[in-house]
Amino acid sequence: MSSAFNRIYHLLKQTERAALEDYLMGIVAPIFEQDEILARFLERFAGLKISRLSHIKVHTQRTYHKLEYHLSDSRPDLVITFNHGSARHVVFIENKLGSGEGYL
């Protein structure tokens, strides 16, 4: 018997790449709601040592109205908001399946 994730993946793998990215973010999003995992992620990938995170919210495919000089709205794949002390922070993550590494 295959898992629900496996069945859904096989249904989606024949669709456009954006659907696979949305599917992956739907799986990953709940992981970042765990404060210890989010803190380790921020330390590893952003070099931030943050402890005691609170009010963590994770959203997928949240739409932000376009800026005056943009042609369209923005819709990052993952939006993480959290408090550290009295400061509110926002992290945007864009997922591109099948994209190669760029040059630094």
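This is a predicted model: local features need pLDDT of at least 70, side-chain atom pairs count only at pLDDT 80 or more; totals for chains, interfaces and linings use all residues.

Modeller: Start with helix α3: L38, A39 and L42 are its buried residues.

Biologist: How are the buried residues of α3 arranged, seen down its axis?

Modeller: They fall within an arc of 100°, so they line one face of the helix. An α-helix has 3.6 residues a turn, so residues three or four places apart point the same way.

Biologist: What covers the buried residues of α3?

Modeller: The cover includes strands β1 (53-60), β2 and β3 (87-93).

Biologist: And which exposed residues sit on the face turned away?

Modeller: E36, R40, R44 and F45.

Biologist: How far apart are the end C-alpha atoms of α3?

Modeller: They are 16 Å apart. Twelve residues, 35-46, at 1.5 Å a residue should span 16 Å, so that agrees.

Biologist: What follows α3?

Modeller: G47, with a positive phi near 70°.

Biologist: New topic. Where is T81 found?

Modeller: In strand β2, which runs over residues 78-84.

Biologist: Is T81 buried or exposed?

Modeller: Buried, because its relative accessible area is 10%, and the cut-off for buried is under 20%.

Biologist: Which side chain makes a polar contact with the side chain of T81?

Modeller: That of R88, at 2.8 Å. Leaving out residues up to four places away in sequence, T81 touches H55, I56, K57, R88, H89 and V90.

Conventions: Residues are numbered from 1 along each chain as its sequence is written. Side-chain values use heavy atoms; hydrogens and water are left out. Helices (H or I, at least four residues) and strands (E, at least two) are DSSP runs, numbered from the N terminus. Buried means under 20% relative accessible area, exposed over 50%, partly exposed in between (1.4 Å probe, protein chains only). A polar contact is a pair of N or O atoms within 3.5 Å; within protein, one must be able to donate a hydrogen and the other to accept it, and residues adjacent in sequence count only if both atoms are side-chain atoms. Contact means heavy atoms within 4.5 Å. The expected span of a helix is 1.5 Å times one less than its number of residues. The arc is that of the directions from the helix axis to the C-beta atoms.
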